[in-house]
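Me: I would like to go through a structure step by step. Could you show it first?

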Amino acid sequence: MLEELMDAPARRNKTVYPFIDCDIHNYIASDAVLMQYLDPKWHNHHRTFGHRSHPVLAFHGSQYPRIAGVGKRLDAAPPSGLPTGADFEFFRLQHLDSQPLEYGILNCLSRASDQLHEEYDGALCRAMNDWQLEEWLKPDDRMRGSIIVPYENADLAAEEIDRMAADPRHVQVLLKPRTKEPLGRRRYWKIYEAAERHGLPIGLHFGGYSINPPTSGGWPSFYIEDHTSMTQAFQSHVISLICEGVFDRFPSLRFIMIEGGFAWLPSLMWRMDKHWKRLAAEVPHVIRRPSEIIREHLRFTTQPMEEPPKHEYLMQFFEHCGSDDLLMFATDYPHWDYDSPERVLAGIPDQLKRKIFIENARSIYNLAPRVSDR
Amino acid sequence: MSARMLNGRLIGAIDCDAHNAVPSVQALYPYLSAYWTDLMTDGGHPSLEPNYYPVNCALAARPGSRLAKGPPGSDSAVFISQVLDDTGARRAIINCLYGVQMLHNEYWAAAMATAVNDWLAAEWLAKDARLSASILVAPQNPATAALEIEKRAADRRFVQVLLLARSQMPLGKSFYWPIYEAAARHNLPVCVHAGGGFGHPPMPVGWQYYYLEEYLAVAQGFQGQLTSLVMEGVFSKFPGLKVVFAESGFTWLPSLLWRLDKNWKGLRREVPWIDRLPSEIIKQHLCLTLQPLDEPTDMRQLLQVIDQLESDELLLFSTDYPHWQYDDEGPLPPGLPAETERKIIHANAERIYRFHA
C-alpha cells in the first residue's frame, strides 16, 4: 500500500509530498438516494414542503450563483454521468489513487444544515451522515468525515454528535460561517460541549445561508464579493469565540477554519491584542492575550491560498503569527478554486512544508501515520 | 504628548482624522429652520451623539482630553491647542461624527447635515486657518447629498465628503453614485470613516455581545466596503475619484489585496468592467489613515507590512483625537524610512487634498 501511494505521483512529479487533504466535498447523487437514508416518517414532509432556507428560492437556488462550472472543476465530472462529486469510484481514481494522499477529510455541504425547519433539518443531517458513512467512509480506509449537524439548534446538533461520534472515522463536527449569531454566543455552547466530550474539533467551513448580510454595510451584488467577504465572517467568529471566553469554558476544544483564508490572521491578532489591552475591563474573563489563545486553539486550512506577489511575504506570515503549527493543506476537490499540492507550497522550506502537508493535521485530528513522510 | 516628545517629528504634519463634537443638539438650532427646531424641542432635544465610543470607556478619550462640560472635542480652543499647538501639526481635518447617517427620516437627516456643516464653517473653520473639515452628507438620499456637496464645494476649507462604513447598502452600489459624481467633479476625495449603523449587524455573522467585539469588527466592515467599491466599478466610472478610509486600520490590507487579485483571476468574467488587478486599482484610488494602528509588538514586522503594501503613497498621518489609541510612543511608529515618513506625515495628504505648503 505504502509503495503504491508513493509510486504513482513519483512517476509524475517528484515534488509531491505525502499529504492529508483537509477539505474534500462529496455530493449525494439524487433525491432517490437521499430517501433511502431519510427516516420514513419525514418522507411526506420532504416531498410536500421540502427545502426552505433563508434565501427564499426553491430548489436550493442561490442569490450568488457560482459562476465557474457551477462551482466545480470541469474535469471532475465523472464519465458515469453522475453529478460531479457524487461518484465515489471516479473520485477514488482521480483524487485518492493518483496522489500520495494519506487521509482525505470530507466536508459534505449540501442538502442539510441550513433548513428553517429545524427538526426536518435534523432528520436530513442524520440521513446525510448515514449515507456518508456507508458510501464514502466505509469503502476506503483513507477516508475521514465531518459530522453534519443542524447547528442553529444546539440541542439537536449535540444529539447528532453523540450519535455519530462513536465511529472513529468521524474526525470533526461541521459548521458553516454564515450563522444566525456569532459562534461565541451561548446558544452554540452545547455543540462545543458535545464535541469536547468526544474529543472532536469543530471544522468551520466556508458557506451557509443567513439572515445577516455578508458585510456590515449590507448585501453586495456579486458572487466575487460574496466569496471574498466570507473571510470577514471567519474573522468575526474568531473575535466572538475569544471575547465570549469559549476556550476558557471548553479548554480542550479546537476550531479549524476551513477555506476562510489565513493571511489576515496576523493583522487580526495584533488588533485584538491592542484593543483587548485598552478595553480589558469589559471582558475580565479573557485573561490571556487573544493571540495566545488563537495559537493554541485555532487552525487554518490553506485553500484558497492567498498568493502574495512576493514569496517573502508568505514567509513573513509564519513569523508574524508566531507559529508553524497553524496551517493545514487542503485542495477543496472538486471545486473550481482547487489548490494543487504540486504548486501552492512551492518554495516553502521542507520542514515547514511537511508540517503543513501532513504533521499539523495528524496532530489536530489525532490521525495515526499511514505513510512514511520522508 | 508634546512636539518635543516625538523629537519634533510631527512638526508640519497634516492630521487627517481628528474629531470635534457637537456640544449639544441645541448648538445646531441657529442653523435649523423653525419646522425642525419646533419638532425637536417638542421631542425633548434629542441628542444625535453617536455611541461609537461608550462615553466613559478608556478608548473614548485620551488622558487630558476630557472636558468639564460637554463631550471631548467639543471645545474648539482645547481642540486647537491639543491637536495643533501641542504637536506642531500644520493642519487638521475635522471629521465630525454626529448621528445624522443613522436617521430613518431622510429629510431630517439632510437638514441636520446642512446644520452641522454651517456650524462647522461658522464656529470652527472660521477660528483657525489650520482647520479643514469634511462635508457631512445624509447618504439616505444621494441626490440631496450631492446638492449639499455642490453647496460647499466652493468653500475650500471643506476638503472631502464624509461617509460612514456601516452603511445602508454597500458603498459601491450605484445608489450612491450621485455622491461620487459630485465629489469627483469638484476634486473632493470621499472619506469613509468608521461608524454608522442602519440596522445591519456590525459583524457579518450577527450581533455581537461586547463593545470590544464591535470595535474589533470595524476592520471587517471596511474590507467589505473596499470589495464593493472595486467590484461595482466605482473607479472605472469615476477615474479621478479618491477614497480615504479613516479609522479603518490598514495592516489587513495586504491580505485582502492578495485575495481580491486571486479571486479576480478566477471570477473576472462576472465583473468585466474590472480590466486590471484589483490591487492596482486600489493603490491608485485608496488612502488610509494611520490611527488606530493595529501594530505588532515588534516594529520590524510593522515595517514588513508597510512594505507589503508595495506603495508608500497610501498612508495618511492621523491621531484620531480625542480617542485613546496610543500612549507615550505617540501616533507615528518609529523606524520608518525617511522618505516614507515624509509622505505619511504630510506629502500624501498634500497630494490628494491639493494642499499647498
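This is a predicted model: local features need pLDDT of at least 70, side-chain atom pairs count only at pLDDT 80 or more; totals for chains, interfaces and linings use all residues.

Me: Let us begin with helix α6 of chain A. Which of its residues are buried?

Reply: In α6 of chain A, residues 154–164, the buried residues are A:Ala154, A:Leu156, A:Ala157, A:Ala158, A:Glu160, A:Ile161 and A:Met164. Buried means under 20% relative accessible area, exposed means over 50%, and partly exposed lies in between, using a 1.4 Å probe and protein chains only. Helices (H or I, at least four residues) and strands (E, at least two) are DSSP runs, numbered from the N terminus.

Me: What do they pack against?

Reply: The buried residues of α6(A) pack against α5 (118–137), β3 (143–148), β4 (170–175) and α7 (189–197) of chain A. Contact here means heavy atoms within 4.5 Å.

Me: And what happens at the start of that helix?

Reply: There, a side-chain oxygen of A:Asn153 comes to within 3.2 Å of the backbone nitrogen of A:Asp155.

Me: New topic: salt bridges. How many does the structure hold?

Reply: Over all chains, the structure holds 45 salt bridges. A salt bridge is a side-chain nitrogen of Lys or Arg within 4 Å of a carboxyl oxygen of Asp or Glu. Side chains of opposite charge can pair when their charged atoms come close.

Me: Which residue does B:Glu295 meet in a salt bridge?

Reply: B:Glu295 meets A:Lys274, at 3.2 Å from N to O. This pair crosses between chains, from the loop between β7 (286–289) and α11 (299–308) of chain B to helix α10 (residues 265–278) of chain A.

Me: What about A:Asp339: which residue is its salt-bridge partner?

Reply: A:Asp339 forms a salt bridge with B:Lys262, and the closest N and O atoms are 3.2 Å apart. The pair crosses between chains, from the loop between β8 (327–328) and α13 (350–365) of chain A to helix α9 (residues 253–267) of chain B. A:Asp339 is buried at 4% relative accessibility, and B:Lys262 is buried with a relative accessible area of 16%.

Me: Which residues of chain A are linked in a network of salt bridges?

Reply: The network links A:Glu89, A:Arg92, A:Asp97, A:Asp140 and A:Arg142.

Me: Moving to the backbone, which peptide bonds are cis?

Reply: The bond from A:Gln303 to A:Pro304 is cis, with omega near -5 degrees. The bond from A:Tyr333 to A:Pro334 is also cis, with omega near 0 degrees. A:Pro334 has its place in the loop between β8 and α13 of chain A.

Me: What is the phi of A:Asp332?

Reply: A:Asp332 has a positive phi of about 75 degrees although it is not a glycine. A:Asp332 is found in the loop between β8 and α13 of chain A, and is buried because its relative accessible area is 0%.

Me: Finally, aromatic rings. How many pairs are there?

Reply: A search of the whole structure finds 31 aromatic pairs over all chains. The rings of A:Tyr313 and B:Trp258 have their centres 6.0 Å apart and their planes at 5 degrees, so this pair is stacked. The pair crosses between chains, from helix α12 of chain A to helix α9 of chain B. Rings of Phe, Tyr and Trp (its six-membered ring) pair if their centres lie within 6.5 Å; planes under 30 degrees apart count as stacked, over 60 as edge-to-face and the rest as tilted.

Me: Which residues form a cluster of ring pairs?

Reply: Ring pairs link A:Phe88, A:Phe91, A:Trp131, A:Trp136 and A:Tyr333 into a cluster.

Key
Residues are numbered from 1 along each chain as its sequence is written. Chains are lettered from A and ligands numbered from 1 in the order in which they are written. Side-chain values use heavy atoms; hydrogens and water are left out. A polar contact is a pair of N or O atoms within 3.5 Å; within protein, one must be able to donate a hydrogen and the other to accept it, and residues adjacent in sequence count only if both atoms are side-chain atoms.
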